[in-house]
Amino acid sequence: MGGMSDDPKPQKQKPWSDIDLNRWRDYDEIKTDSLWLYNNRASGDGHRLDYHGNYIPQLATQLFTRYSKKDEIVLDLFLGSGTSAIEAVRLDRRCIGVELKPELVAYVRSKIDSRQLDNRIHLLQGNSAEPAVVESVQHTLRLMQAELAQLLILHPPYADIIRFSDNTDDLSNATTTEAFLDGFQAVAKNGYDLLAPGRFAALIIGDKYAKGELIPLGFWCMERMNRVGFKTKAIIVKNIEGNEKGKGKDANLWRYRALAGGYYIFKHEYVIIFFKPR
Ligand SMILES: C[S@@+](CC[C@H](N)C(=O)[O-])C[C@H]1O[C@@H](n2cnc3c(N)ncnc32)[C@H](O)[C@@H]1O
């Protein structure tokens, strides 16, 4: 048409995302408010509801899309059953995942396409609180021709709510809340050292009750993230509906206990976003 250029407007992007800010009205699926409500967990594309304690793939979709670019490296220091690795494949990101339980590492390996495995997706067995993990992640980064990761995901055990193993290095076996927080802080410090400056980290965590008292693990872990140098960017509240297999007939019993005990049944957990200053 006369007078109109055929050239599309150049993309306007932040260094940490592929989102084109010139098209900001087009990203309906990207959340920018702090309350995330999901009715169910996404499945398919390699995701399975097969592990008590995994996070819903939609969280990874939101976090990877907003805080990483295609081909960049997502580091997950509590890999579990591999939600981050599977979503990295789907969204064309690379991933390094560390998990303490060898059988889970083997299991996640079996779920990843062999062309991606040990190439774009690296799965390491180790204790993420140990300095040795920093060395093995750095070694893996060099294999991937990178120096640092571009996004950090931390989804630790919520203290002892679910025991993941008998291993004493497992943070879910920490004997006190303080010991759990100290272990978590060691992992956070390792993650900080492995993340590129100016980039983001996400902590996914819920609180717990002990002896009738609320233990605010989310806020205490946030404070430990701040101690190692991360600055807080956002606190998102997410419902846990999508992660449940259904409480079924026990639901009323919990309601009775809540009424009788004066407390509230957890229906939310946190996704806390941080950045590493330049
Ligand atoms: C909440 S789950 C993570 C689930 C994962 N986000 C997923 O979607 O499958 C926490 C995981 O941390 C692992 N873990 C506990 N302590 C660890 C440690 N010190 N180093 C590495 N992994 C650890 C547990 O074995 C468990 O698989």
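**Close-up 1. Ser128 and its surroundings in a predicted model.** The backbone oxygen of Leu77 sits 2.7 Å from a polar atom of the Ser128 side chain. This model is predicted, so keep that in mind as you look through the views. Ser128 belongs to the loop between β4 and α4 (131-143). Is Ser128 buried or exposed? Ser128 is buried, because its relative accessible area is 5%, and buried means under 20%. Leaving aside residues up to four places away in sequence, Ser128 touches Leu77, Val98, Val133, Ala186, Val187 and Asn190.

Close-up 2. To find your place, look for Gly97, which stands opposite Leu123 in β4.

Close-up 3. How many residues of β5 are buried? The strand is mostly covered, with 6 of its 6 residues buried. β5 pairs with β2 in the parallel sense over 3 bridges, and here Leu75 stands opposite Leu152 in β5. β5 also runs parallel to β6, joined to it by 5 bridges. For one of the partners in this pairing, look at Ala149, whose bridge partner in β6 is Leu195.

**Close-up 4. The buried side of helix α3.** Which residues of α3 (residues 102-111) are buried? They are Leu104, Val105, Val108 and Lys111. These residues lie on the same side of α3, because they cover an arc of only 120 degrees around the axis. What covers them includes α2 (83-90), β3 and β4.

**Close-up 5. Leu63 in the largest nonpolar core.** The largest nonpolar core has 71 residues, and Leu63 and Phe64 are those with the most contacts inside it. What does Leu63 touch, not counting residues up to four places away in sequence? Its contacts are Trp36, Ser68, Leu151, Ile153, Ala202, Ile204, Val271 and Ile273. In soluble globular proteins, nonpolar side chains tend to be buried together.

Close-up 6. Most residues other than glycine have a negative phi. Ala159, although not a glycine, has a positive phi of about 50 degrees. You can find Ala159 in the loop between β5 and α5, and it counts as buried because its relative accessibility is 6%. Lys211 is not a glycine either, and has a positive phi of about 50 degrees. Look for Lys211 in the loop between β7 (208-210) and β8 (213-215). Lys211 is exposed, since its relative accessible area is 89%, and exposed means over 50%.

Terms used: Residues are numbered from 1 along each chain as its sequence is written. This is a predicted model: local features need pLDDT of at least 70, side-chain atom pairs count only at pLDDT 80 or more; totals for chains, interfaces and linings use all residues. Side-chain values use heavy atoms; hydrogens and water are left out. A nonpolar core is a set of buried Ala, Val, Leu, Ile, Met, Phe, Trp, Tyr and Cys residues joined through side-chain atoms within 4.5 Å. Buried means under 20% relative accessible area, exposed over 50%, partly exposed in between (1.4 Å probe, protein chains only). Contact means heavy atoms within 4.5 Å. Two strands pair if DSSP finds at least two bridges between them. Helices (H or I, at least four residues) and strands (E, at least two) are DSSP runs, numbered from the N terminus. A polar contact is a pair of N or O atoms within 3.5 Å; within protein, one must be able to donate a hydrogen and the other to accept it, and residues adjacent in sequence count only if both atoms are side-chain atoms. The arc is that of the directions from the helix axis to the C-beta atoms.
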